[in-house]
Amino acid sequence: MAPQTHDPRFLAGLRLFYQGHYFESHEEWEAIWRDSSGAIRSFYQGLILIDAAILHTQRGHWRGVTSLLKKSLAYLDDCADTTEGMDIRRLRTLLRNYRREAVMLRDGHKQTFDPSRIPELIVAV
């Protein structure tokens with residue numbers, strides 16, 4: 001089986017994500033998203049919304065975080081369980097946990113965000 005080839009913009013976006021440059025990561029993925037259609041377009045839209053949710057998290061805008069994560073999950077529901085080498089089933093679980101925490105913060109049931117809720121994006125190469 002041949003190794004999966006990834007769009008260089010996808011990999012650039014991942015590197016930026018890993019470095020904590022979420023806006024720049026979003027920009028890389030948005031360029032691919034514009035050129036895509038179908039489930040792969042939903043995949044990139046989901047990633048873009050994760051970046052936006054993290055930026056809102058950094059600002060403590062919990063209403064925005066919960067909304068963005070809900071939208072991201074809806075887009076990722078259109079994707080196969082493994083897309084671009086990423087375990088989407090695992091990612092959905094992590095995002096649901098992240099969203100649950102954001103809801104608690106939004107509703108005043110919790111005061112401090114647990115940064116371990118920000119999902120790692122792991123890609124098999």
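Modeller: What follows takes the labels one at a time.

Modeller: This is a predicted model, with a mean pLDDT of 94 for the chain. In the chain, 96% of the residues reach 70 or more.

Biologist: What makes the pair of Phe10 and Tyr44 edge-to-face?

Modeller: The ring centres of Phe10 and Tyr44 are 5.9 Å apart, and a pair needs centres within 6.5 Å. Their planes stand at 80°, and over 60 degrees counts as edge-to-face, so the pair gets that label.

Biologist: How do you know that this pair ties together parts that are apart in sequence?

Modeller: Phe10 lies in helix H1 and Tyr44 in helix H3, so the pair joins parts that are 34 residues apart in sequence.

Biologist: Why is Phe10 called buried?

Modeller: Buried means under 20% relative accessible area. Phe10 has 0%, so the label applies. Tyr44, with 2%, is therefore buried as well.

Biologist: What makes Phe17 and Tyr22 an edge-to-face pair?

Modeller: Their centres are 5.2 Å apart and the angle between the planes is 75°. An angle over 60 degrees counts as edge-to-face. Ring pairs also link Phe17 and Tyr22 into a cluster with Phe10, Trp29, Phe43 and Tyr44.

Biologist: Why is Met104 called partly exposed?

Modeller: Met104, which is found in helix H5, has a relative accessible area of 37%. Buried is under 20% and exposed is over 50%, so Met104 falls in between and is partly exposed.

Conventions
Residues numbered from 1 in each chain as written. Predicted model: local features only at pLDDT ≥ 70, side-chain atom pairs only at ≥ 80, totals over all residues. Heavy atoms only, no water. pLDDT = per-residue confidence, 0-100. Helix = DSSP H or I, 4+ residues; strand = E, 2+ residues; numbered from the N terminus. Buried < 20%, exposed > 50% of the residue type's maximum accessible area, 1.4 Å probe, protein only. Phe/Tyr/Trp six-rings, centres within 6.5 Å; stacked < 30°, edge-to-face > 60°.
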